[in-house]
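This report describes selected features of a single structure, shown below.

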Amino acid sequence: MGTVIFDLDGTLADTSADLIAAANAAMIQLGHKPQLVAGQDDATAFRGGRAMLTLSLERLNFDGLAAEVERGYPLLLEAYGEAIDVHTTLYPGAIKAVEALKAQGFKVGICTNKPEGLAVKLMDRLGVSHHFASLIGADTLPTRKPDPAPYVASVEQAGGQVARSLLVGDTITDRTTARAAGVPSVLVTFGPLGMDVAKMEPEALLHDYSDLPGLVTKLLGATEIS
């Protein structure tokens, strides 16, 4: 049984505006002026909370940056949890592609560097949790992507085998994770990095979710429904 594992932020859903709002709220609580702009800093948002706080503080030339990032991170998570789906939307065709994969006999799951609780909450709010057979977050295991362990766990939790799986993502973290696990990667081109993801040399590029079932069949072969 083939398995397709999805990243969440920047792959299944555009969460950038809500993430940026949370980072700016954390900065205000820390006593700083908010620094991030939705639409301009989306690529940083998809790299996670600490990346957003680091960029914000770098723009202020703040001394003691690392400690301030750690002080702000829990504030960011709290703000994000309180307003997790204000602007977030699933990418067009994402769930239709997931349904098509399942109809062809593929297992589907999620491996994200978003904390598990927040990932579950977001998927529930979006009403799509039932589509996925697994969800492994940043804190589910002792390690997170690009360590391959969370990816392996997401495949196995979905009932699949790593040797017959692939990862759909949007960043170098996803590309590195797939390489470490010895599986193909498919990187989306509709995120903030656009066609620049081609430089990461994934096994395939995804321009539109309608193309995903065909790409998966090409990379993993046909899967019989049992």
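## Surroundings of His-131

Leaving aside its neighbours within four places in sequence, His-131 is in contact with Ile-95, Val-98, Glu-99, Lys-102 and Val-108, where contact means heavy atoms within 4.5 Å. His-131 is buried, with a relative accessible area of 10%; buried means under 20% relative accessible area, exposed over 50% and partly exposed in between, with a 1.4 Å probe and protein chains only. The residue lies in the loop between α6 (116-126) and β5 (135-136). Helices (H or I, at least four residues) and strands (E, at least two) are DSSP runs, numbered from the N terminus.

## Basis of the description

This is a predicted model, in which local features need pLDDT of at least 70 and side-chain atom pairs count only at pLDDT 80 or more, while totals for chains, interfaces and linings use all residues. Residues are numbered from 1 along each chain as its sequence is written, and side-chain values use heavy atoms, with hydrogens and water left out.

## Helices α3 and α4

Helix α3 (residues 49-59) and helix α4 (residues 65-82) have axes that come within 9 Å and cross at roughly 130°. This angle makes α3 oblique to α4. Axes are lines fitted to C-alpha atoms, for helices over the stretch in contact, and angles run from 0 to 180 degrees between N-to-C directions. Angles under 35 degrees count as roughly parallel, over 145 as roughly antiparallel, 65 to 115 as roughly perpendicular and the rest as oblique.

The crossing of α3 past α4 is right-handed; a crossing is left-handed if the near helix is turned anticlockwise from the far one by less than a right angle, and right-handed if clockwise.

Six strands form an open sheet in the order β5-β4-β1-β6-β7-β8, and the pairing is parallel. β5 and β8 stand at the edges, each with a single partner strand, so one side of each is left without a neighbour in the sheet. Two strands pair if DSSP finds at least two bridges between them.

Strand β1 (residues 3-6) pairs in the parallel sense with strand β4 (residues 107-111) over four bridges. Ile-5 stands opposite Gly-109 in β4, and Val-4 opposite Val-108. From β1, Thr-3 and Ile-5 point one way and Val-4 and Phe-6 the other way, and all are buried. In β4, four of the five residues are buried.

β4 and β5 pair in the parallel sense over two bridges, with Cys-111 opposite Ile-136 in β5. Together, β4, α6 and β5 make a right-handed β-α-β unit; right-handed here means that, with the strands pointing away from the viewer, the path from the first strand over the helix to the second runs clockwise.

The chain crosses from β6 through helix α8 (residues 172-181) to β7 in a right-handed β-α-β crossover.

Within strand β7 (residues 185-188), Ser-185 and Leu-187 point one way and Val-186 and Val-188 the other way, and all are buried. Ser-185 is the residue opposite Leu-167. Three bridges join β7 to strand β8 (residues 204-206), again in parallel, and Val-188 stands opposite Leu-206 in β8.
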